[in-house]
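Please look through the sequence and the three-dimensional picture below before reading on.

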Amino acid sequence: MSVQAWFSYDGIDVAPGESLTLPLTVQNLGESTETYSVVPAGLSASWTTVRRGNLTLFGGSQDVLDVVVNPPLLPTTTAGPTEIAVRIIPTSTEDDAIVAEATLDVRPFDDCRIVTLQPVQRARHRATFEFMVENHGNSVTSARLLLVDPTNRVDGSFDPPAVGVAPGASSLVRLKVHDSPWTFRRHTRTLDFEVEAQRQGLSPVIAPLALVQPPTIPASAIAKALGVVALIGAAALGWFAVVKPAIEDTVETKVDERIVELTPTDGGIVVATTVPPEVIVETEELGEPTFLRLSVTPAIGETADTAASIPEGERFDLTDVRIENTANDTGTATLLRNGEPLFVWSLANIRGQFFEPRITPIRLVAGDNLTFSVTCGSIGDAAQTTCTSAVNLGGLTSTADG
């Protein structure tokens, strides 16, 4: 062996996402000048860097190199003891290559997230929500799930009630919720609550959810019932005020005509009859469900927008907003009505898609414009050349005088 090498430190702690510099001493044991190639080796080679990859030493001399270790902030960076290896290869006799090693203690880091698949559900009394508990840290995380509602209007059960998630993995959880004892509602109401993942010795992870409840008795049902009552009342009024008197008049007329036929007279009797008036029942036309999708593909650093207008003679009640960010781009997205912002989102906070909670119907009339504008900060999918974002709008379309 014509060369030897060793690290000056061993057993040092390092946190993922941070850099650590280790001095490496290389000594030429031979009598002649030799040039060496110094390269990372082992499982940690991808996050190990040698400041000087080539080194020339006179016989019997030594020198110190800096080896930079930068473990990535990823679930694949396993917590605990990790070997750092560097191979020193003499250029004249490659068979005399040696490996210098040091042991580092990689610290654990925590990054637990709750990703809601249905942040908003519409139901009268009961609904099922689904969400993912994701572990983006480098050690196993265990969590107990709780429903948090300070108003005590919502209760529910989790399936499963607790999860253990490995680094880089996720677990699907279903939550069945129901509201407080039955109450009569004249209007739509939104019940906001949270799901919380409690972990021993770590901060809890919280995600908001919302249950939107329509009126106990739909307004359309009330309108139909009132229409039926009005129809029955109109029919009864028509019978007693028009039809029955007309029948009685007709009978009396026929009797009088018969009497005239049986009694000689120089004149005749002319009876004028009346026709019952028509009964008109007006019914309220309900709006038609309508869905709009606006999508744009701006390049990095640029802004793109697209718009939709409400046609003449119509109006649109906006009730649902869902924004999509399937490639996990960054930037800013805005939904505007006639140039005025209705909603503004940071794409960095949206993973896949996001339902805007607590939507009170927003009415747009003929000529109003809905514009979706996106400014692209960065592209999340390396296979694409532009940001890709869309917004899905749902509501009811009716005639302007409806």
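Helices (H or I, at least four residues) and strands (E, at least two) are DSSP runs, numbered from the N terminus. This is a predicted model, in which local features need pLDDT of at least 70 and side-chain atom pairs count only at pLDDT 80 or more, while totals for chains, interfaces and linings use all residues. Residues are numbered from 1 along each chain as its sequence is written, and side-chain values use heavy atoms, with hydrogens and water left out.

**The chain as a whole**

The protein chain has one helix and 27 strands. Of its 402 residues, 34% are buried, where buried means under 20% relative accessible area, exposed means over 50%, and partly exposed lies in between (1.4 Å probe, protein chains only). If a contact is taken as heavy atoms within 4.5 Å, then 69% of the contacts in the protein chain with a separation of 6 or more are between residues 24 or more positions apart.

**Nonpolar cores**

A nonpolar core is a set of buried Ala, Val, Leu, Ile, Met, Phe, Trp, Tyr and Cys residues joined through side-chain atoms within 4.5 Å. In the largest nonpolar core, which has 25 residues, Phe-7, Leu-24, Val-26, Val-86 and Ile-88 touch the most other members. Several strands each supply at least two residues of this core, including β1 (3-7), β3 (20-28) and β8 (80-90), and the largest share, five residues, comes from β9.

**Aromatic pairs**

Rings of Phe, Tyr and Trp (its six-membered ring) pair if their centres lie within 6.5 Å, and planes under 30 degrees apart count as stacked, over 60 as edge-to-face and the rest as tilted. The structure holds three aromatic pairs, and two of them are described here. The rings of Phe-129 and Phe-193 have their centres 5.6 Å apart and their planes at 85°, so this pair is edge-to-face. Because Phe-129 lies in strand β12 (residues 126-135) and Phe-193 in strand β17, the pair ties together parts that are 64 residues apart in sequence. Phe-131 and Phe-158 also form an edge-to-face pair, with 6.2 Å from centre to centre and 80° between the planes. This pair links distant parts of the chain, since Phe-131 is in strand β12 and Phe-158 is in strand β14 (residues 154-159), 27 residues apart.

| Residue | Relative accessibility | Class |
|---|---|---|
| Phe-129 | 0% | buried |
| Phe-193 | 3% | buried |
| Phe-131 | 0% | buried |
| Phe-158 | 15% | buried |
| Thr-151 | 44% | partly exposed |

Thr-151 has its place in the loop between β13 (141-148) and β14. Although Thr-151 and Phe-193 are 42 residues apart in sequence, they are 8.8 Å apart in space, C-alpha to C-alpha.

**The second largest pocket**

On a 1 Å grid over the protein atoms alone, a pocket is an open set of points where a 1.4 Å probe fits, with protein on both sides within 12 Å along at least five of seven lines, and lining residues have an atom within 4 Å of a point. The second largest pocket has a volume of about 560 Å³, a volume being the space filled by probe spheres set on the points, which are joined across faces, edges and corners. It is lined by 23 residues, of which Ile-114, Val-115, Thr-116, Asn-349 and Phe-354 are the closest to its centre. Strands that each supply at least two residues of the lining include β10 (112-116), β23 (340-346) and β24 (352-355), and the largest share, five residues, comes from β18. The lining divides into 14 nonpolar, four polar and five charged residues, where Ala, Val, Leu, Ile, Met, Phe, Trp, Tyr, Cys and Pro count as nonpolar, Asp, Glu, Lys and Arg as charged, and the others, Gly among them, as polar.
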